[in-house]
Amino acid sequence: MVRYLFLLVPLLLGQQAEDKPGRVILKKTKDPEREWALYIPGSYKPGVPIPFVLSSHGKDGRGKGEINQWESLAQKHKFIVACPDYSQASGRPGTFDEDEKVTTEIYEYLTKNFSIDKRYGMIT
C-alpha cells in the first residue's frame with residue numbers, strides 16, 4: 001500500500017511519475033509525434049515556481065543532443081529545460097505548422113505538470 005501511495009504522490013502534485021528531477025528524460029509529443037528531451041533540476045520542488053527554457057537545435061540536430069548544452073546551466077541556475085526535435089531546422093520530414101504544434105504541446109505540458117514561473121521563460 002505504501003509503495004502505491006509513493007507512486008501516486010507525484011501524480012497528485014501534477015508531475016508525472018517518470019519526470020524525475022536531476023536527469024534527462026526523453027518524451028514524445030502526440031500530434032505530430034516527435035521526440036523531445038526534458039531536464040528538471042534536482043532542486044525542483046513542486047509548488048515552487050521555476051523558470052523554463054524551450055530550446056531549438058540547429059541544422060541536423062536533435063533535442064537529446066541540444067539538452068546536453070543546457071543540463072549543467074539548468075542545474076546551476078535552477079530552471080527547467082525542454083529541447084524538441086524539429087523538422088524544419090533539421091531537414092527531416094514535416095512542416096513549420098507541425099513544429100509550431102510541437103512547441104505548443106510542450107509548453108502546455110510544462111505549464112500543466114510543473115510550477116512554471118511564466119515571468120521567466122525563454123523560447124529560443
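This report describes the nonpolar cores and salt bridges of a predicted model.

Local features need pLDDT of at least 70 and side-chain atom pairs count only at pLDDT 80 or more, while totals for chains, interfaces and linings use all residues. Residues are numbered from 1 along each chain as its sequence is written, and side-chain values use heavy atoms, without hydrogens and water.

A nonpolar core is a set of buried Ala, Val, Leu, Ile, Met, Phe, Trp, Tyr and Cys residues joined through side-chain atoms within 4.5 Å; buried means under 20% relative accessible area, exposed over 50% and partly exposed in between (1.4 Å probe, protein chains only). The largest such core has 17 residues, of which Leu38, Ile40, Ile80, Ile106, Leu110, Phe114 and Ile116 touch the most other members. Two or more residues come from each of strand 2 (35-39), strand 3 (50-54), strand 4 (80-84) and helix 4 (96-113), with helices (H or I, at least four residues) and strands (E, at least two) taken as DSSP runs numbered from the N terminus. Helix 4 contributes the most, 4 residues. Another core, of 9 residues, lies apart from this one and includes Ala37, Tyr39, Val53 and Cys83.

The structure holds 8 salt bridges, each a side-chain nitrogen of Lys or Arg within 4 Å of a carboxyl oxygen of Asp or Glu. Three of them are listed here.

| Pair | Closest N to O |
|---|---|
| Asp85 – Arg62 | 3.1 Å |
| Arg119 – Asp117 | 2.9 Å |

Because Glu35 lies in strand 2 and Lys64 in helix 2 (residues 63-66), their pair ties together parts 29 residues apart in sequence. Asp85 is buried at 5% relative accessibility, whereas Arg62 is partly exposed at 39%.
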